[in-house]
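Subject: Structure handover

Dear colleague,

I am passing on the structure below, together with notes on what was found in it. Please keep it open beside this message as you read.

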Amino acid sequence: MTASNAPLAPGGGHPALFPGAPDSADAVLDGLDPEQREVATALHGPVCVLAGAGTGKTRAITHRIAYGVRAGILQPASVLAVTFTNRAAGEMRGRLRQLGASGVQARTFHSAALRQLHYFWPRAIGGEMPRLVERKAQLVAEAAARCTIRLDRSELRDATSEIEWCKVTQTVPEEYPAAIAKAAREAPRDPAETSRIYAMYEQLKRDRGVIDFEDVLLLTVAVLQDRLDIADQVRAQYQHFVVDEYQDVSPLQQRLLDLWLGDRDDLCVVGDASQTIYSFTGATPDHLLDFRTRHPGATVVKLVRDYRSTPQVVRLANGLLAAARGRAAEHRLELLSQRDPGPDPGYAEYADEPAEAEGTARRIGALLDAGVPASEIAVLYRINAQSEVYEQALADQGIPYQMRGGERFFERAEVREAGLLLRGAARAGGAAPGLEDADIPAQVRAVLGTRGWTPQPPVGAGAVRERWESLAALVRLAEEFVGARPEATLRDFVTELDERAAAQHAPTVEGVTLASLHTAKGLEWDAVFLVGLTEGMMPISHAKTDQQIEEERRLLYVGVTRARQHLTLSWALSRSPGGRPNRRPSRFLDGLRPGSGTGAAARSSAPGTARGSAGVERGATVRRRPRGPVRCRVCGRSLTDPGEMKLMRCEDCPSELDEGLHDRLVDWRAEQAARLGQPAYCVFTDKTLLAIAEATPETEAELSAIPGVVARKLRTYGPDVLALCAGEDPAALEEARKNSSKK
């Protein structure tokens, strides 16, 4: 985020990494807007916070806890704050620590339950607690096989999801068919078969003495229900509860929360019914929407000041929800942007999916050239299967990217190694002889300089660049740390790293983020690209009921509200080059995108909603000349799979691979990647090398016809590749050319 576009302080976006802790309880309230302050000072009785996207809800609830602790009203050890991801729990712990409220338990439902179950198991059950199953899908597959049911990868995923849904809704195997009928849930396969798989899965767990994550909640509920003495002990420990993302609570989680509370009502819940996107897991917004019915005297506060997104993005978000229907829509919040105006959202239409990916990569390149950091750009899609074509397009442009859900920062080998070295230097009293009196950043640079950190980044992207970025993130962290605590020592910085690692509060690493809309929940970027927005994908084809369609709308709303400033929405008219252009843009964009007419959203009279194509870039639609279909060069079938399109043949068709050429290409690619400091795929992907080794092109025209050999790569690598295909040594040819030019 650039400083000129930073949101106002109450939003909580991009907080200082190491602010000094407030010097008093009242100082904790400084910088909060009126509604956030109302949340922070409502410390008694039931409290319901209806918080729209980007309104600073985490800031409000962490300041509420910190204010209560600092004022002596809440004891840190008596507070249990519950959220839905380890990342969110870690962020909450980090913020509380910065506010001087260490000691508060901030955990996920599963983490809190697992901790209690471990502690009370010997007393409640006896013996050792069963192990957690390590590979649930593998056990489900075995259960299916025992039932003589064969599952492919997608069917296995569906069966596992159905079992998880059953358990969080407290449905036993024999009740599954009736339960899904009552819930109007579409079964991915014959319900009777799923019941059999579910029953066998449970039997296998019992036979092997293991439990799964859903069992952790079920068993904790059972212990608290059956052992009043244990329930009383838990209630004596925890007297104040905060639940974030309350719209995503499942019936089982709500039952556990009720048991934690007992007959008390010291509970603060925070949520937004318009961001309910996990109903397929058993989550329901009913607990949030019915909170005031269950607690008639509850304090209700609405947070609608959006500190994250520009008025243009907020206008589109409001317009998207203006056409929503159903109970959640009746409680939607009208966001009010607190930021300066920014660019209008852009809309782009492409002939096919590869063209959409290439166009998105070009636009990302333009943002990078304009100074937007790669870590502040995200490409969001409906399902993970859409990522491959974007990975390829970014690799072709040499743009670094990271997949959301990948390896955690503090678990990376180079970060662990850096931590060990810094810890050793701290024990030794300094990074190196002569640096004992240097400031912390200088000492950190000296230590990390021995492991690949340099003042300037290496050329290109890839493994070398990724390692450098990890080390550079630690250097930046040291600079922030000493700015906030000038008197701190290297030992203090190492302690800070340890605490951040425990909280999984990682610094930012450069790289465009690729993520599904579901995994993007709770995150934000300066620039967001929402791709693949066609009917059948958004809403997804298996969304049939009105409730399912509305959840898809909310999912798109979550995607829109991830953007701070730049937002682009795109779709492709066909899947593959030369395919029939019979797709149409998502119905959710009707009345919002250019040329779509006046839809329901545009007809809404609600203030701040989008009307027609207001707030949208005119002429942003990009139409590419359709390319011919890619056909298998062996059997002639039209190809749609990106990998097969790159090979220009079906995976099952006979290969004409020149293995010797392929080996030479692989060796050459490794040399190029090492020279550029990039991963091998940024030179050419494995599939592209295979295609070259099979086609053995003799001319630039033949080489450029191979998917993945874009114009830039043809100019850079074309002569070498053609030399290799001709059985020549590129290095020898280059040397000969140099000698010839000297003569």
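A disulfide is taken here to be a pair of cysteine sulfur atoms within 2.5 Å, and by this rule the count comes to 0 disulfides. Please bear in mind that this is a predicted model, so that everything below describes the model and was computed from it.

As for the protein as a whole, its secondary structure comes to 30 helices and 16 strands. Of its 743 residues, 52% count as buried. When contacts between residues at least 6 apart in sequence are considered, 76% of them join residues at least 24 apart.

Helix α6 and its two partners

Two packed helices are described by the angle between their axes and the distance between the axes. Helix α6, which covers residues 136-146, and helix α9, which covers residues 191-208, have axes that come within 8 Å and cross at roughly 115 degrees. Because angles of 65 to 115 degrees count as roughly perpendicular, α6 is described as roughly perpendicular to α9. The crossing in which α6 passes α9 is right-handed. On the α6 side the contact is made by Lys136, Leu139, Val140, Glu142, Ala143, Ala144 and Arg146, while α9 brings Ile197, Met200, Tyr201, Leu204, Lys205 and Arg208. Sorted by class, the residues of this contact between α6 and α9 are 8 nonpolar and 5 charged, with no polar ones.

Helix α6 also packs with helix α7, residues 153-168, at an angle of about 100 degrees and with the axes 10 Å apart. Here too the helices, α6 and α7, are roughly perpendicular to each other. Lys136, Ala137, Val140 and Ala141 of α6 meet Leu156, Ala159, Thr160, Ile163 and Glu164 of α7 in this contact, and the residues of the contact of α6 with α7 divide into 6 nonpolar, 1 polar and 2 charged.

Backbone details

Most residues other than glycine have a negative phi, and most peptide bonds are trans. With that in mind, several places in the backbone can be picked out. Gln170, found in the loop between α7 and α8 (176-182), has a positive phi of about 60 degrees although it is not a glycine, and at 42% relative accessibility Gln170 counts as partly exposed. Glu245 lies in the loop between β6 (240-243) and α12 (251-261), where its phi is near 50 degrees, again a positive value in a residue other than glycine; at 13% relative accessibility, however, Glu245 counts as buried. Just after helix α27, Thr696 takes a positive phi of about 40 degrees. Within α27 itself, residues 686-695, the buried residues include Thr688, Leu689, Ala691, Ile692, Ala693 and Glu694.

Where is the cis peptide bond with omega near 5 degrees? It runs from Met538 to Pro539, and Pro539 lies in the loop between β15 (525-530) and α23.

Two buried loop residues

Thr561 is found in the loop between α23 (546-560) and β16, and is buried, with a relative accessible area of 2%. Leaving aside neighbours within four places in sequence, Thr561 is in contact with Ala53, Arg308, Ser309 and Ala317. Thr561 and Lys521 are 40 residues apart in sequence, and the distance between their C-alpha atoms is 9.5 Å.

Pro585 has its place in the loop between β16 (563-574) and α24 (600-603), and at 8% relative accessibility Pro585 counts as buried. With neighbours within four places in sequence again left aside, Pro585 is in contact with Glu349, Leu533, Thr534, Glu535, Trp571 and Arg593. One of these, Leu533, is 52 residues from Pro585 in sequence and 6.0 Å from Pro585 in space, C-alpha to C-alpha.

Terms used: Residues numbered from 1 in each chain as written. Predicted model: local features only at pLDDT ≥ 70, side-chain atom pairs only at ≥ 80, totals over all residues. Heavy atoms only, no water. Axes fitted to C-alpha atoms, helices over the stretch in contact; angles between N-to-C directions. Helix = DSSP H or I, 4+ residues; strand = E, 2+ residues; numbered from the N terminus. Parallel < 35°, antiparallel > 145°, perpendicular 65-115°, else oblique. Left-handed = near helix turned anticlockwise from the far one by under 90°. Contact = heavy atoms within 4.5 Å. Nonpolar A, V, L, I, M, F, W, Y, C, P; charged D, E, K, R; others polar. Buried < 20%, exposed > 50% of the residue type's maximum accessible area, 1.4 Å probe, protein only.
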